[in-house]
Amino acid sequence: MRPRTNRDDYHTMSREQQVNLIRLRTGHNRLNAHMNRKFTLAPSPTCACGQEDQTAEHILQRCPLLDEERKEVWPSPIPLQTKLYGSRQELEKTTTFITSAGLIV
C-alpha cells in the first residue's frame with residue numbers, strides 16, 4: 001500500500017488533534033452523554049450546566065458554561081458542520097477550544 005501523496009487538512013494535523021476531532025465527529029468520546037448511555041460510567045448524561053445532555057453539539061454550540069471560551073475562539077456564530085469538517089483553520093479552532101475549555105474528549 002502506497003502512502004498518500006496529497007494530504008487533506010485533517011491529515012496534516014497532529015495525532016492528538018485528529019483523535020479529538022474524530023471523537024467529536026463520531027460521538028464516541030468521554031462526554032457525559034456517551035459515557036452514561038454506553039458504559040454507565042457517568043452518573044447522568046446531562047451537562048454540568050443542567051440544560052441538556054453533554055454532547056459534542058452541546059459543548060461546541062450552546063453550553064452556557066463555555067460561552068466565554070467559545071466567543072474567544074469564534075467571535076461570531078459558526079455552524080457545527082464547519083467546526084468539525086471545515087478548513088484546517090476551523091479545525092484548529094475547534095481543537096483549541098476543547099483544550100482551552102479544559103475538556104477531555
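**Exercise 1. A salt bridge within one helix**

Classify Arg88, whose relative accessible area is 27%, as buried, partly exposed or exposed. Then determine which salt bridge Glu92 forms and how far apart the two partners are along helix H6.

*Solution.* The model is a predicted one.

Step 1. Buried means under 20% relative accessible area and exposed means over 50%, with partly exposed in between. With 27%, Arg88 is therefore partly exposed.

Step 2. Glu92, with a relative accessible area of 28%, is partly exposed as well.

Step 3. The salt bridge of Glu92 is with Arg88, and the closest N and O atoms are 2.7 Å apart.

Step 4. Glu92 and Arg88 are four residues apart in helix H6, so about one helical turn separates them.

Step 5. Arg62 is partly exposed at 36% relative accessible area, and Glu57 is partly exposed at 39%.

**Exercise 2. A salt bridge between two parts of the chain**

State how many salt bridges are counted, and explain which parts of the chain the pair Arg37 and Asp53 ties together.

*Solution.* 

Step 1. The count comes to six salt bridges.

Step 2. In one of them, the side chains of Arg37 and Asp53 meet with an N to O distance of 2.4 Å.

Step 3. Arg37 belongs to helix H2, whereas Asp53 lies in the loop between H2 and H3; the pair therefore ties together parts that are 16 residues apart in sequence.

Step 4. Arg37 has 55% relative accessibility and so counts as exposed. Asp53, with a relative accessible area of 24%, is partly exposed.

**Exercise 3. The aromatic pair**

Decide whether the rings of Trp74 and Phe97 are stacked, tilted or edge-to-face, and locate both residues in the chain.

*Solution.* 

Step 1. One aromatic pair is counted.

Step 2. The ring centres of Trp74 and Phe97 are 5.3 Å apart and the planes stand at 50 degrees, so the pair is tilted. The reasoning uses two cut-offs: planes under 30 degrees apart count as stacked, and those over 60 as edge-to-face.

Step 3. Trp74 is in the loop between helix H4 (67–73) and helix H5 (80–85), while Phe97 is in helix H6; the pair links distant parts of the chain, 23 residues apart.

Step 4. Both Trp74 and Phe97 are buried.

Step 5. Trp74 has a further neighbour: Lys83 lies over the face of its ring, at 4.1 Å from the ring centre.

**Exercise 4. The largest nonpolar core**

Which members of the largest nonpolar core touch the most other members, and which helix gives the most to this core?

*Solution.* 

Step 1. The core has 16 residues, of which Leu24, Ile59, Leu60, Leu66, Phe97 and Ile98 touch the most other members.

Step 2. At least two residues of this core come from each of helix H3 (56–62) and helix H6 (88–100).

Step 3. H3 gives the most, with three residues.

Step 4. The contacts of one member can be listed. Not counting residues up to four places away in sequence, Ile98 touches Leu24, Ile59, Leu60, Leu103 and Val105.

**Exercise 5. His34 and Cys49**

Determine whether His34 and Cys49 are buried or exposed, and name the residues that each contacts.

*Solution.* 

Step 1. His34 is in helix H2. The relative accessible area of His34 is 15%, so this residue is buried. Ala33, Met35 and Asn36 are also buried in H2 (residues 32–39).

Step 2. Leaving aside neighbours within four places in sequence, His34 contacts Gly27, His28, Asn29 and Phe39.

Step 3. Cys49 is placed in the loop between H2 and H3. Its relative accessible area is 19%, and Cys49 is therefore buried.

Step 4. Apart from residues up to four places away in sequence, Cys49 touches His58, Cys63, Pro64 and Leu65.

**Exercise 6. The chain as a whole**

State how many helices and strands the protein chain has, and what share of its residues is buried.

*Solution.* 

Step 1. The chain has six helices and zero strands.

Step 2. Of its 105 residues, 35% are buried.

Step 3. The C-alpha trace spans about 45 × 35 × 20 Å along its principal axes.

How values were computed. Residues numbered from 1 in each chain as written. Predicted model: local features only at pLDDT ≥ 70, side-chain atom pairs only at ≥ 80, totals over all residues. Heavy atoms only, no water. Buried < 20%, exposed > 50% of the residue type's maximum accessible area, 1.4 Å probe, protein only. Core = buried A, V, L, I, M, F, W, Y, C linked by side-chain atoms within 4.5 Å. Contact = heavy atoms within 4.5 Å. Phe/Tyr/Trp six-rings, centres within 6.5 Å; stacked < 30°, edge-to-face > 60°. Lys NZ or Arg CZ within 6 Å of the ring centre and 35° of its normal. Salt bridge = Lys/Arg side-chain N within 4 Å of Asp/Glu carboxyl O.
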